[in-house]
Amino acid sequence: MNKVTAATLLIAFGIIYGDIGTSPLYVMKAIIGENRVIEESIVYGGVSCVFWTLCFQTSIKYVWLTLKADNDGEGGIFSLYSLIKKKGKNLIIPTIIGASALLADGIITPPVSVSSAVEGLRMLNGLENLPTIPIVIFILSALFFFQRFGTNKVGKIFGPFMVLWFTMLLGLGIYHIVHHPSIIKALNPYYAYNLLMNYPHGFWILGAVFLCTTGAEALYSDLGHCGRKNIRISWIYVKICLVTNYLGQAAWLMHQDDPILDGRNPFYEMMPDWFLIPGICIATGAAIIASQALITGSFTLINEAINLGFWPRTLIIQPNEHKSQVYIPTINFMLWAGCVFIVLYFRDSSHMEAAYGLAITVTMLMTTFLLSYYLNYYTKFNKVFIVAILSVFVAIESSFFVANVVKFIDGGYLALLMGWLFFIIMYCSFYGKILNSRNLEFVKIKRYANILTELSEDKTVNKYSTFLFYLTKSTNPKTIEKYSIQSILSKRPKRADVYWFVNISRDSEPYTLNYKILPIVDQKIYRITFNIGFRVQPKTEQYIKKVINDMYADGELQLKYLSPCLKKYNQDPDMKFVLIEKFPSIETKLSMKEFFTLKVYYILKKIEFNIPKSFGLEKNDVVVEHIPLYVHKDNVDDLKRIQ
């Protein structure tokens, strides 16, 4: 979507900026803290750090550079990996680390945003001691409950509402800047330098400053929803509103009477009394929209991970006609449970802020690493420039990471533990599949063409199916796994009128959908390769039926084997799909790493979604066979016969 209209810009406001747009709710509060003395060095220095972080991290790295790395219009860490995976050997682990950390920090973001917004109710007379935890849990639970119905209809109000939110940020900021225009001086980078170098423990304040740009990674992930031009144009207004509001909060801080905040939130304190209730309502709405954007982004991320082999197969539902919108029930429940746990564990937004941001710094570092390959191989930038700009990003992000490490004991360990859990799932899903495919023996289909043809016409063998399909991992269209041939020929031979060997190839572009047919023996043996984009949920059986109908219409395939009565009552021949699953053999010797990887892999396979449905196959048409897996066989050469 690179066309720029008022409608597309509204979509960008509603989808892209939820996370980064709600950061004024808590950033200045986190920078000042509850007990620090409010003085010029920390207020001016904090705003200066925020401004230059938005310039370097958000504007230059993400909006200018990273958005260039679009994979057929799609963004996000998996799209970036798919784009560059052929350019380097060591890209899988950084990709998994980045995606895992992004998921982990995404669980903290909705509780932080919603809690910060709802806690504004405590400023109303008589509600000073209002328990906000039940309200926050109710809002989050309702939000996750309605995911199953899709957000198409309600999503149409997201854009206008977020424009209202940003305009409110702008208006509140201008109101205080006009009264205290000297705050504009805070944009001078000297104040940032002075805070980091001269203020006591000033460097560690970067952990709070970083919260202003945590949504930049989500901005890149949502590239496919809005398009690069719409994001770049809308970001101009968003950045002006954000910076103006931060300056307004700083102006209020410098001209209020109390030496410390003592739990107060500058964002709400700067509001006129008459505007407090509307302001709280608008902030809560913006926090809900921000949470919705992160939930949708998590669904998209997991959908890509499944299709690229980084996540166990799970049920994926399209709640409406929009191909880019998916609903994943297991992920929805997991995110809901994680968010509720975060709310109950930390209890208020101040404690959540203390744990927030550590994991996302890891994601940003991994994105920078992957981006280096893109800039090197896919752009015309001078090599010296690439090294220089990446060095700046690494220096900034490493500083943020070190500053956020102190959050580990305050709750950052929870984000890292969740990230570690996601990492194990992704690592074992990916490498377990590789181990599970080790020692595969491939054979040429032509070698067995005669015997399969003979079996097909042997009326003494009971017919197994009219059409018999085997899924193959072979990328060579002339070969298949030996165990598929053994499945057909061994024990009770499976006679069919036509044998089909089907390969589902995941394309590096998101929405590819095409196929190739290689006839091995006309009317008897065919090899089909489906090229399917990494964002497309396979519907293999529907594809195959269309292929057969097209071949029949073109005269390539004759249904002469159907009896007249079957032709009269049923035009569709019966079909069987044989899926072959492996189990660890007792003859297999494994290293500790291989044992752990396969153990987790098989546990995940036991709980993963119905395999036939994940391939788009009807369960009643599928037969699952099990064969032993040999990774390393025990050496039995020492076995000798004795008299």
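**Group meeting: cavities, core and cysteines**

Let's start inside. The largest cavity here has a volume of about 190 Å³. Its lining counts 17 residues, and the closest to the centre are Leu-102, Gly-106, Ala-218, Leu-294 and Ser-298. Keep in mind that this is a predicted model.

Which helices supply at least two residues each of that lining? Among them are α6, residues 92–118, and α12, residues 216–221. In total, the structure holds 6 cavities of 30 Å³ or more.

Now the packing. The largest nonpolar core has 160 residues. Six names to look for: Tyr-17, Ile-31, Trp-165, Phe-166, Phe-310 and Trp-311 touch the most other members. Both domain 1 (6–431) and domain 2 (442–629) contribute at least three residues to this core. In soluble globular proteins, nonpolar side chains tend to be buried together.

Last topic: cysteines. How many disulfides does the structure hold? The count is 0. Look at Cys-212. Its closest cysteine sulfur is in Cys-49, 9.1 Å away, so the two are too far apart for a bond. The cut-off for a disulfide is 2.5 Å between sulfurs. Cys-241 has the sulfur of Cys-55 as its closest, at 15 Å, and that is also too far for a bond.

Are these two cysteines buried or exposed? Cys-212 is buried, at 1% relative accessible area. Cys-241 is buried too, at 0%.

Conventions: Residues numbered from 1 in each chain as written. Predicted model: local features only at pLDDT ≥ 70, side-chain atom pairs only at ≥ 80, totals over all residues. Heavy atoms only, no water. Buried < 20%, exposed > 50% of the residue type's maximum accessible area, 1.4 Å probe, protein only. Core = buried A, V, L, I, M, F, W, Y, C linked by side-chain atoms within 4.5 Å. Domains from an automatic or database assignment. 1 Å grid on protein atoms, 1.4 Å probe; cavity = no way out; pocket = protein on both sides within 12 Å on 5 of 7 lines; lining within 4 Å. Points joined across faces, edges and corners; volume = space filled by probe spheres on them. Helix = DSSP H or I, 4+ residues; strand = E, 2+ residues; numbered from the N terminus.
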